[in-house]
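Please open the model in your viewer and follow the stops below. Each stop says what to select and what is there.

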Amino acid sequence: MDQSKTNQSRIFRMISPMGFVNLFWEELKLAQGIQAPITHQAAFDKLNNEYHASTGKFRYKNFETFKKLKDK
């Protein structure tokens, strides 16, 4: 699969709250797997910025807003 299709499918997944949460956990697991662990904040920022770059809007206002959803 080419990179643009991969990016499109990631953005599509981020549209739903559960999809964003799932990608969030995948990012953390991937970083740990390559021995480059990242913080929850960094994983969130990466995804939220990726969404913003593709849509012109942030998916979540900030990490605190995301955490409230994630922890439900």
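**First stop: glutamate 27**

Select glutamate 27: this residue is buried, because its relative accessible area is 7%, and the cut-off for buried is under 20%. Keep in mind throughout that this is a predicted model.

Lysine 46 and glutamate 27 form a salt bridge, and their closest N and O atoms are 2.8 Å apart. Glutamate 27 lies in helix α2 and lysine 46 in helix α3, so this pair ties together parts that are 19 residues apart in sequence.

**Second stop: helices α2 and α3**

Select residues 17-33 for helix α2 and residues 40-55 for helix α3. How close do the axes of the two helices come, and at what angle do they cross? They come within 9 Å and cross at roughly 125 degrees. That makes α2 oblique to α3. The crossing of α2 past α3 is right-handed.

Show the side chains where the helices meet. On α2, the contact is made by Phe20, Leu23, Phe24, Trp25, Glu27 and Leu28. On α3, the residues are His40, Ala43, Phe44, Lys46, Leu47 and Asn48. Sorted by type, the residues of this contact are eight nonpolar, two polar and two charged.

Is glutamate 50 buried or exposed? Glutamate 50 is buried, with a relative accessible area of 17%. Leaving aside neighbours within four places in sequence, glutamate 50 is in contact with Asn7, Arg10, Ile11 and Met14.

The structure holds five salt bridges. For another of them, select glutamate 26 and arginine 13, whose closest N and O atoms are 2.7 Å apart. This pair links distant parts of the chain: arginine 13 is in helix α1 (residues 3-15) and glutamate 26 is in helix α2, 13 residues apart. Both partners are partly exposed: the relative accessible area is 40% for glutamate 26 and 32% for arginine 13.

Next, go to helix α4 (residues 63-70) and select glutamate 64 and lysine 67. They form a salt bridge with the closest N and O atoms 3.6 Å apart. The two residues both lie in this helix, three residues apart, about one turn of the helix. Glutamate 64 counts as partly exposed at 45% relative accessibility, and lysine 67 counts as partly exposed at 28%.

Then select Arg10, Glu27, Lys46 and Glu50 together: salt bridges that share partners join these residues into one network. Side chains of opposite charge can pair when their charged atoms come close.

**Last stop: glutamine 35**

Finally, move to the loop between α2 and α3 and select glutamine 35. What is phi of glutamine 35 near? It is near 60 degrees, a positive value in a residue other than glycine. Most residues other than glycine have a negative phi. Glutamine 35 is exposed, with a relative accessible area of 69%.

How values were computed: Residues are numbered from 1 along each chain as its sequence is written. This is a predicted model: local features need pLDDT of at least 70, side-chain atom pairs count only at pLDDT 80 or more; totals for chains, interfaces and linings use all residues. Side-chain values use heavy atoms; hydrogens and water are left out. Axes are lines fitted to C-alpha atoms, for helices over the stretch in contact, and angles run from 0 to 180 degrees between N-to-C directions. Helices (H or I, at least four residues) and strands (E, at least two) are DSSP runs, numbered from the N terminus. Angles under 35 degrees count as roughly parallel, over 145 as roughly antiparallel, 65 to 115 as roughly perpendicular and the rest as oblique. A crossing is left-handed if the near helix is turned anticlockwise from the far one by less than a right angle, and right-handed if clockwise. Contact means heavy atoms within 4.5 Å. Ala, Val, Leu, Ile, Met, Phe, Trp, Tyr, Cys and Pro count as nonpolar, Asp, Glu, Lys and Arg as charged, and the others, Gly among them, as polar. A salt bridge is a side-chain nitrogen of Lys or Arg within 4 Å of a carboxyl oxygen of Asp or Glu. Buried means under 20% relative accessible area, exposed over 50%, partly exposed in between (1.4 Å probe, protein chains only).
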